[in-house]
Amino acid sequence: MTDCIFCKIIQGEIPTNKVYEDDDVFAFLDTSQATKGHTLLVPKKHVQDIYEYDSELAASVFSRVPKLAKALETAFSESEGLNIINNNREVAYQTVFHSHIHLIPRYTTDDDFKIFMKNNSEHYSDEAMQEIAATINQALTNA
Ligand code: AMP
Ligand code: ZN
């Protein structure tokens, strides 16, 4: 896609700090470096978000995640864990609309990366939970 910053990075039209490349994917340092080693893994094919993946593309992209995760652990032995994040669409904080997976090494619980997931379980009865699961299951059956 001509107007996509990540396509331009993949094609070498914009400088980057490349970490990895193969036929299907490209990985490079996120300029923000939320933590040291913060890396983005992207499909070479331009897809906007997860809704545009098929199983084959997902297999090629997501199967590279453990390889990169282990490389980050080796590269930064002081890291103690890793967050893997994939934002989809604006409401979910996506800002670059070429699908990407963030790999964010974690050094302490107090570093510059935070996730807040409120526990709303008190608002969902057992019946409500069953209905939600059934609704998703039905959608999968129709997919
Ligand atoms: P997201 O908010 O999930 O869409 O993440 C987009 C990420 O792309 C942000 O963390 C940015 O720091 C990063 N980013 C934007 N432009 C570049 C660039 N030219 N090179 C590397 N990372 C970039
Ligand atoms: Zn693109």
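A polar contact, as I use the term, is a pair of N or O atoms within 3.5 Å; within protein, one must be able to donate a hydrogen and the other to accept it, and residues adjacent in sequence count only if both atoms are side-chain atoms.

Before going on, the conventions. This is a predicted model, where local features need pLDDT of at least 70 and side-chain atom pairs count only at pLDDT 80 or more, while totals for chains, interfaces and linings use all residues. Residues are numbered from 1 along each chain as its sequence is written, chains are lettered from A and ligands numbered from 1 in the order in which they are written, and side-chain values use heavy atoms, with hydrogens and water left out.

Now the fold. The protein has 4 helices and 5 strands, taken as DSSP runs numbered from the N terminus (helices H or I, at least four residues; strands E, at least two). Their order from the N terminus is α-β-β-β-α-α-β-β-α. The C-alpha trace spans about 50 × 35 × 25 Å along its principal axes.

Back to the ligand. What surrounds ligand 1? The shell has 16 residues, the closest being Asp30, Asn87, Tyr93, Thr95 and His102; a residue counts if one of its heavy atoms lies within 4 Å. The shell divides into 8 nonpolar, 7 polar and 1 charged. Here Ala, Val, Leu, Ile, Met, Phe, Trp, Tyr, Cys and Pro are nonpolar, Asp, Glu, Lys and Arg are charged, and the others, Gly among them, are polar. α1 gives the most to this shell, with 3 residues.

Two further contacts involve oxygen atoms of ligand 1. One such atom is 2.9 Å from a polar backbone atom of tyrosine 93. Another pair puts a ligand oxygen 2.8 Å from an N or O atom in the side chain of histidine 102. Taken alone, ligand 1 exposes 500 Å², and the protein buries 81% of that (Shrake-Rupley, 1.4 Å probe).

Last, salt bridges: a side-chain nitrogen of Lys or Arg within 4 Å of a carboxyl oxygen of Asp or Glu. The whole structure holds 7. In one of them, lysine 44 pairs with glutamate 21, the closest N and O atoms being 2.8 Å apart. Lysine 44 is in the loop between β3 (39-43) and α2 (55-62) and glutamate 21 in strand β1 (residues 18-21), so the pair ties together parts 23 residues apart in sequence.
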